[in-house]
Amino acid sequence: MRLKDKVAIITGAANGLGLAAARTFAREGAKVALTDFNVEQGRHRANELRDEGYEVTFFQVNVADRASVDKLVEDVAKIYGGVDILVNNAGITRDAMLKKLSVEDFQRVLDVNLTGVFHCTQAALPYMLEKGWGRIISTSSVSGVYGNVGQTNYAAAKAAVVGMTKTWAKELGRKGINVNAVAPGFIETAMVEKVPENILDGIRKTIPLGRLGKPEDIANAYLFLASEESNYVNGTVLHVDGGIMM
Ligand SMILES: NC(=O)c1ccc[n+]([C@@H]2O[C@H](COP(=O)([O-])OP(=O)(O)OC[C@H]3O[C@@H](n4cnc5c(N)ncnc54)[C@H](O)[C@@H]3O)[C@@H](O)[C@H]2O)c1
């Protein structure tokens with residue numbers, strides 16, 4: 001088991017990539033805090049995973065709200081005795097072309113996808129510093145690295161995640177904490193279901209592997225970066241996109 005007895009907080013884990021990560025981490029022996037804004041789905045998913053025999057607990061959080069994040073981290077540390085791994089996976093889209101993008105939608109995406117990553121990382125950090133060991137993994141996106149039409153807000157936040165990741169990798173490396181990001185391409189989740197089929201067809205044609213990604217493809221990348229196998233990986237952005245951008 002690659003994460004035996006490690007305590008992992010995964011945000012946005014009621015669906016998609018976070019849910020796949022929760023299952024993968026639990027299978028590898030982690031005690032998983034499955035966290036999400038959506039209480040109903042989160043509880044349901046945690047129950048399903050517990051029924052499969054895994055050590056998983058649901059915690060509600062709004063990553064955009066600092067008080068909510070502080071409470072989450074305190075509760076997890078109280079129950080499990082610390083926090084070893086943080087996966088900053090929660091994210092939203094509010095797509096619009098620049099001409100039509102509202103200030104509210106611009107700000108909301110930054111609040112969740114950027115400030116949320118800052119809140120969770122700052123709140124979890126003291127527990128990692130205390131142990132002298134930690135793993136921080138944040139979810140960027142191909143959009144953040146290369147830009148994407150209709151995603152001013154999303155691309156800005158995901159690019160900022162890369163900047164924060166590299167900064168924290170420099171600040172925390174000597175403290176035993178590795179900080180990395182994953183940049184998924186187009187992965188089959190609810191987020192991508194919103195994209196019209198004809199556009200998805202066009203996207204498929206540009207992916208050298210000839211298919212969209214599966215949530216497990218990203219969960220495996222998170223697992224690598226959370227495990228001891230990535231001990232010498234720090235400040236990197238792992239592209240998991242089928243080679244869509246080279
Ligand atoms: N699916 C893709 O193709 C793709 C590509 C690149 C990057 N990503 C990124 O991967 C991450 C996961 O995406 P996904 O496709 O699994 O999305 P998803 O929409 O399937 O799941 C996201 C989860 O985050 C939760 N969430 C939303 N706002 C929250 C908040 N304020 N606090 C806590 N939880 C909140 C939602 O309830 C949901 O369960 C996101 O950061 C996304 O931007 C996804």
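These legends walk you through a few close-up views of one structure.

This is a predicted model, in which local features need pLDDT of at least 70 and side-chain atom pairs count only at pLDDT 80 or more, while totals for chains, interfaces and linings use all residues. Residues are numbered from 1 along each chain as its sequence is written.

**View 1. The shell around the ligand.** Here 29 residues surround the ligand, and the closest are Gly-12, Gly-16, Gly-91, Thr-189 and Met-191 (a residue counts if its C-beta atom, placed from the backbone, lies within 6 Å). Helices H1 (16-27), H4 (103-131) and H7 (190-193) each give two or more residues to this shell (helices are DSSP runs of H or I of at least four residues, strands are E runs of at least two, and both are numbered from the N terminus).

**View 2. The largest nonpolar core.** This core has 69 residues, and Ala-8, Ile-10, Ala-22, Phe-25 and Tyr-222 touch the most other members (a core is a set of buried Ala, Val, Leu, Ile, Met, Phe, Trp, Tyr and Cys residues joined through C-beta atoms within 7 Å). H4 provides the largest share, 10 residues.

**View 3. Helix H9.** Nine of the 12 residues of H9 are buried, so this helix is largely enclosed by the rest of the structure (buried means that 20 or more other C-beta atoms, placed from the backbone, lie within 10 Å of a residue's own). Among the buried residues of H9 are Asp-217, Tyr-222 and Leu-225. Helix H9 spans residues 215-226 and reaches 16 Å from its first C-alpha to its last.

How values were computed:
The expected span of a helix is 1.5 Å times one less than its number of residues.
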